[in-house]
Amino acid sequence: MSILLTGGTGFIGSHTAVELLQSNQDVVIVDDLSNSAASVVDRIEAITGKRPVFYQADVADKAAMKKVFSENSIDAVIHFAGFKAVGESVRIPIAYYRNNLDTTLTLLETMKEFGCHRFIFSSSATVYGTSDKVPFTEDAKELGCTNPYGWTKFMIEQILKDAALADPELSVVLLRYFNPIGAHESGMIGEKPNGIPNNLMPYITQVAAGIRDHLSVFGDDYPTHDGTGVRDYIHVVDLAKGHVAAYNYSTSHTGCEIFNLGTGIGYSVLDIVHAFEEANHLKIPYEIAPRRAGDIATCYASTEKASRVLGWKAEKSLEDMCRDSWNWQCGKWAK
Ligand code: UFG
């Protein structure tokens, strides 16, 4: 039996493939390579000594998905594939809704046809919307999202909740990620943003590498300990291990369950800058800039449910995250 990873050559997908292979699971990856490279499959093999089965295909292509399911015995699906740039989603919302919803619906239909009953979904803390009642618990009232990307996550969660209600055999696990950073300690897989990075850590590593001259810190007048935005940064390897725990959970449960994957600790933008400087012995020039539209002051997870039910907890430190992010940026694969 194999676990299908859609988007398995992407940032979180590739790290999850490594963790699953290292826990002796067979992995099949489907990725259209629109935001990743085929060589990631070789690198996953170099790290683990095992090669995942790979298909270059669009998850919304029903015929391609039928081929994948008929050529492999798929026991569970972890659905990472999707468009994920917040700003871009505001400019081209229809493409976001079409792609992110279509891929999910195609997967659900194909799974039903082939008798596959376990679905783990890459959701996001973005579904908590603009609430400032931290820490976010899984039962918090969702207040709606601030951009189409977030709404696709919100809508897919709803689709999956309904699917689980209608099908007593189905097991759905919704994983709400906080802010994944870091990279595999080998330096062979990591996050490679397209163009100018939107997210904080890839921006910092590009400033450190001399690709950008300074970091703009978006706002220093938030009600936080130093005025800059606070987030829950989680090492991508810890996040990947959370998927292994979710997969194990889904083998013995049906219905739909939601879990936050975060550390439960909030760090400000300036905390991250200073931790990065200390861990890597370099300076990050920065300037205070106006607030970024759509940002909230503080966002961090309640980790109680994931720890109690999945037996999973993030283990890596902020220093590990800063060191591994920089190690990845310095290697040849980030170029
Ligand atoms: N920030 C800067 N300068 C930058 C980039 C970011 O100061 O150049 C600040 C932001 O204002 C924010 C913090 O760094 O305070 C983190 O910003 P990111 O863009 O790295 O992450 P977000 O928390 O905005 O967004 C992330 C994911 C989204 C997801 C969201 C869920 O990127 O996909 O978390 O809460 F929807």
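Modeller: Strand 8, residues 215-218, gives the most to the shell around the ligand, with 4 residues. Strands here are DSSP runs of E with at least two residues and helices are runs of H or I with at least four, both numbered from the N terminus. The model is predicted, and local features need pLDDT of at least 70, side-chain atom pairs count only at pLDDT 80 or more, while totals for chains, interfaces and linings use all residues. Residues are numbered from 1 along each chain as its sequence is written, and side-chain values use heavy atoms, with hydrogens and water left out.

The ligand has 18 residues around it, and those that come nearest are N199, L200, S216, R231 and D295; a residue is near if one of its heavy atoms lies within 4 Å. By class, the shell divides into 8 nonpolar, 7 polar and 3 charged residues. Here Ala, Val, Leu, Ile, Met, Phe, Trp, Tyr, Cys and Pro count as nonpolar, Asp, Glu, Lys and Arg as charged, and the others, Gly among them, as polar.

N199 places a polar side-chain atom 2.7 Å from a ligand oxygen. L200 takes part through its backbone, with a polar atom 2.8 Å from a ligand oxygen. Taken alone, the ligand exposes 690 Å², and the protein buries 88% of that; accessible areas come from the Shrake-Rupley method with a 1.4 Å probe, and for residues only the protein chains shown count as cover.

The structure holds 0 disulfides, a disulfide being a pair of cysteine sulfur atoms within 2.5 Å. The sulfur of C299 has its closest cysteine sulfur in C145, 12 Å away, and so is too far for a bond. For C330 the closest cysteine sulfur is in C322, at 13 Å, again too far for a bond. C299 is buried at 8% relative accessible area, whereas C330 is partly exposed at 45%; buried means under 20%, exposed over 50%, and partly exposed in between (1.4 Å probe, protein chains only).

Then the aromatic rings. Rings of Phe, Tyr and Trp (its six-membered ring) pair if their centres lie within 6.5 Å, with planes under 30 degrees apart called stacked, over 60 edge-to-face and the rest tilted. By this rule there are 8 aromatic pairs. Y128 and F136 count as stacked because their ring centres are 4.7 Å apart and their planes are at 5°. Y128 is buried at 1% relative accessibility, as is F136 at 2%, and together with F178 they form one aromatic cluster.

Backbone details close the tour. Most residues other than glycine have a negative phi, and most peptide bonds are trans. The bond from V134 to P135 is cis, with omega near -5°, and P135 sits in the loop between strand 5 (118-124) and helix 6 (148-166). N24, in the loop between helix 1 (11-22) and strand 2 (26-31), has a positive phi near 70° and is exposed at 63% relative accessibility. H281, in the loop between helix 9 and strand 13 (286-289), has a positive phi near 55° and is exposed at 73%.

Definitions and conventions:
Polar contact = N/O pair within 3.5 Å; in protein donor to acceptor, adjacent residues only side chain to side chain.
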